[in-house]
Amino acid sequence: MNKSNVKIRAKKVKKHFHSTPFTPGVTALQEISLDVHEGEFAALIGPSGCGKSTFLYIVAGFEKSSAGEILLNGNTITRPGPDRGIVFQEYVLFPWLTVEQNITFGLEIQNKSKAQCNSRCQDLLEITGLNGFEKNYPHTLSGGMQQRVAIARALAYDPEVLLMDEPFGALDAQTKRRMIEDFIQIWETMNKTVLFVTHSVEEALMLADTIFLFSFRPSKIKEVFSVDLPRPRDMSDPRFVKIQTAILHSLDEEVEKMMKIELNAEEAQRK
Amino acid sequence: MGKSINENVKKMISFIIPVITVLVCWEVVSRLEIVNPILLPPPTTIISHAIILLSPSDVGGVSFFLERHVAISFARILVGYLIAAVTCTILGLLMGINNAVFKFFNPLITLIMPIPSLAWVPVVILWLGLGNMTIVFVTMIASIFPIIYNSAAGVRSMTIKHIWAAEIMGATRKTIFLKVLLPGAMPYIIAGHKLALGRAWRALVATEMVVATGYGLGYLIFEARTFMDTETMYAGIGMIALLGLIIEKGFFGSIEKKTVEKWGMSRSLE
């Protein structure tokens, strides 16, 4: 890993949502500054509602920051583009396309030749373990398999950065464990910079080089943890447990804050 | 393959059983003269009468060739529905993707929609006269609203994340429309067209009864009444049901099998 090369740099990113008829206005991100290096696997973790997904969407270019900026290779991100790939928790596949067509969607948009699409698709089917499913429609696949298709689709057009929004959050425990193992291998073959949003400490520790802990909103980066352990990681390794305890402790404080604020809001409403 | 033929036969049988049951009861009620058989002729008589009407021999009265009435009704509904299908699908899709278009047309549609299509008939007669144009026009009005509403709703049914997923891969607005919104709207569009054609049928038959052009199933049924020709009336009604079935199962059924059912976007009820 080349630590000197900064891939993503967030500079004092702030995000405020204006009030709508259904929701009050809220400042999701107070001031987020962070660096992610080339080839690094970075996890964003924090209590629910802390704005970690919002931050990811700003990196993706889906949302605009209220202040501050995010640089990708030194250029300010203003809109979505194929130098990034996205994987959502809900898979968000195109149900009218087969597995194969879903995977090559990005390549076809970029007018790649049929032969290029096919060979790239074959590679990805191989890497993601989807061989034999290329003609299936998404609804015939299990959640885990659908998420593999979503990962293959995001990697197909070879983006520099892979953005993942709680990608294993909707999967059952066994499937999730298997997906994490397989995804480590995928990541090691593809060697991409990954920004990975999760609420699972265990997931972040199994996967990431660096873990950014978000405080409750309006959120800042509360702490940064480096996980310098070889993969695949052993959850009973004392070093693993030590970082896990530290993160859980720090996270609990934020969850506590969140609970207090929400309880107060509820009480205020009752009055 | 053999299995799927078997499945189809099973489906057909499960469809026919309730129909046959009702027809048999009807036959019995009519044959035993529990109900006056002139008012309610037995189905077998109606079917054999329909076959006579379909055969190329003039039996007098208004009936002459049943197939001619059917063909003319069919042509009218086809023209009326197709005009609405093309224009209103486009309008609905535009309303789905563009807020300004939606804001302009939505109030107009909200106002016009509750008006029954038949309320237009007297006015349209004044404009277009007692002829095919009037019937086609009313059929078209009847088809408009479900198509517009469902096409617009279909476009809006695609989640923002589907659009984002395409955007990040570099899709232009045009590509997003053609490759994401349009196929994503298919279940809604198909449902809209089904409703539209159903409404068009009703408007057609009713308008044909009012605008007596001498042809059409509505005219046939209405005129047969003056001769107390109940067999022809029932034959005409039966024909409407049969044509509706062909459109529903044959046309829309096969489109749905090839699209939304295959994609798992809409579950088959069978």
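## Basis of the values

Residues are numbered from 1 along each chain as its sequence is written, with chains lettered from A and ligands numbered from 1 in the order in which they are written. Because the model is predicted, local features need pLDDT of at least 70 and side-chain atom pairs count only at pLDDT 80 or more, whereas totals for chains, interfaces and linings use all residues; side-chain values use heavy atoms, with hydrogens and water left out.

## The interface of chain B and chain A

Counting contact as heavy atoms within 4.5 Å, the interface draws 22 residues from chain B and 27 residues from chain A. The buried area, meaning the accessible area (1.4 Å probe) that two parts lose on being put together, summed over both, is about 2,100 Å², and carbon and sulfur atoms contribute 73% of it. On the chain B side, B:Trp164, B:Ile168 and B:Met169 lose the most area to chain A, together accounting for 38% of what that side buries.

Between the two chains there are 8 residue pairs in polar contact, both residues being at pLDDT 80 or more; a polar contact is a pair of N or O atoms within 3.5 Å, where within protein one must be able to donate a hydrogen and the other to accept it, and residues adjacent in sequence count only if both atoms are side-chain atoms. With helices (H or I, at least four residues) and strands (E, at least two) taken as DSSP runs numbered from the N terminus, the elements giving two or more residues to the chain B side are α7 (160–168) and α8 (173–210) of chain B. The largest share of that side, 7 residues, comes from α7(B). By class, the chain B side has 11 nonpolar, 6 polar and 5 charged residues, where Ala, Val, Leu, Ile, Met, Phe, Trp, Tyr, Cys and Pro count as nonpolar, Asp, Glu, Lys and Arg as charged, and the others, Gly among them, as polar.

B:Lys161 belongs to helix α7 of chain B and is buried, at a relative accessible area of 17% (buried means under 20%, exposed over 50%, partly exposed in between, with a 1.4 Å probe and protein chains only). Its side chain also makes a polar contact of 3.4 Å with the side chain of A:Tyr57. Leaving aside residues up to four places away in sequence, B:Lys161 touches A:Tyr57, A:Phe88, A:Glu90 and A:Val92.

## Salt bridges within the chains

Over all chains the structure holds 20 salt bridges. In one of them, A:Asp35 pairs with A:Arg9 at 2.9 Å between the closest N and O atoms; A:Asp35 lies in strand β2 (residues 26–37) and A:Arg9 in strand β1 (residues 6–17) of chain A, so the pair ties together parts that are 26 residues apart in sequence. Chain A also holds a network of salt bridges that links A:Lys222, A:Glu253, A:Glu254 and A:Lys257.

In chain B, B:Arg31 forms a salt bridge with B:Glu27, the closest N and O atoms being 2.9 Å apart, and both residues lie in helix α1 (residues 2–31), 4 residues apart, about one turn of the helix. B:Arg31 is exposed at 51% relative accessible area, whereas B:Glu27 is buried at 16%.

Terms used. Salt bridge = Lys/Arg side-chain N within 4 Å of Asp/Glu carboxyl O.
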